[in-house]
Amino acid sequence: MENVIYFNTKRTGYGPDQCKNTMTVGELINLLEEFDEDTPIYYKNDNGYTYGSITRFDVEEGEYEVE
């Protein structure tokens, strides 16, 4: 059995302004430092019905204008 890390994803809004209590980059780095650096990371959706991998191309920086 292989140890992995799952990000349990959920839908909490139609825009970033509706998604409260999200982690910062620093908080995520601190959390991930608790795990072996070779541990694979996956998205876990719909209570484990579907899964996804994360690559460098899945991470992007953007802007969101709050109205």
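**View A. Strand 2 and strand 3 pair in the antiparallel sense over four bridges**. Strand 3 covers residues 50-53, and two strands are taken to pair if DSSP finds at least two bridges between them; strands (E, at least two residues) and helices (H or I, at least four) are DSSP runs numbered from the N terminus. Tyrosine 42 has serine 53 in strand 3 as its bridge partner. Four residues lie between the two strands of this hairpin, and aspartate 46 in the turn has a positive phi of about 50°.

This is a predicted model, in which local features need pLDDT of at least 70 and side-chain atom pairs count only at pLDDT 80 or more, whereas totals for chains, interfaces and linings use all residues. Residues are numbered from 1 along each chain as its sequence is written, and side-chain values use heavy atoms, with hydrogens and water left out.

**View B. Strand 1 and strand 2 (residues 41-45) pair in the parallel sense over four bridges**. Phenylalanine 7 has tyrosine 43 in strand 2 as its bridge partner. The chain passes from strand 1 through helix 1 to strand 2 in a right-handed β-α-β crossover (with the strands pointing away from the viewer, the path from the first strand over the helix to the second runs clockwise).

**View C. The second largest pocket holds about 300 Å³ of space**. A pocket is an open set of points on a 1 Å grid over the protein atoms alone where a 1.4 Å probe fits, with protein on both sides within 12 Å along at least five of seven lines, and lining residues have an atom within 4 Å of a point. Among the residues that line the second largest pocket are Phe7, Tyr43, Asp58 and Tyr64.

Definitions and conventions
Points joined across faces, edges and corners; volume = space filled by probe spheres on them.
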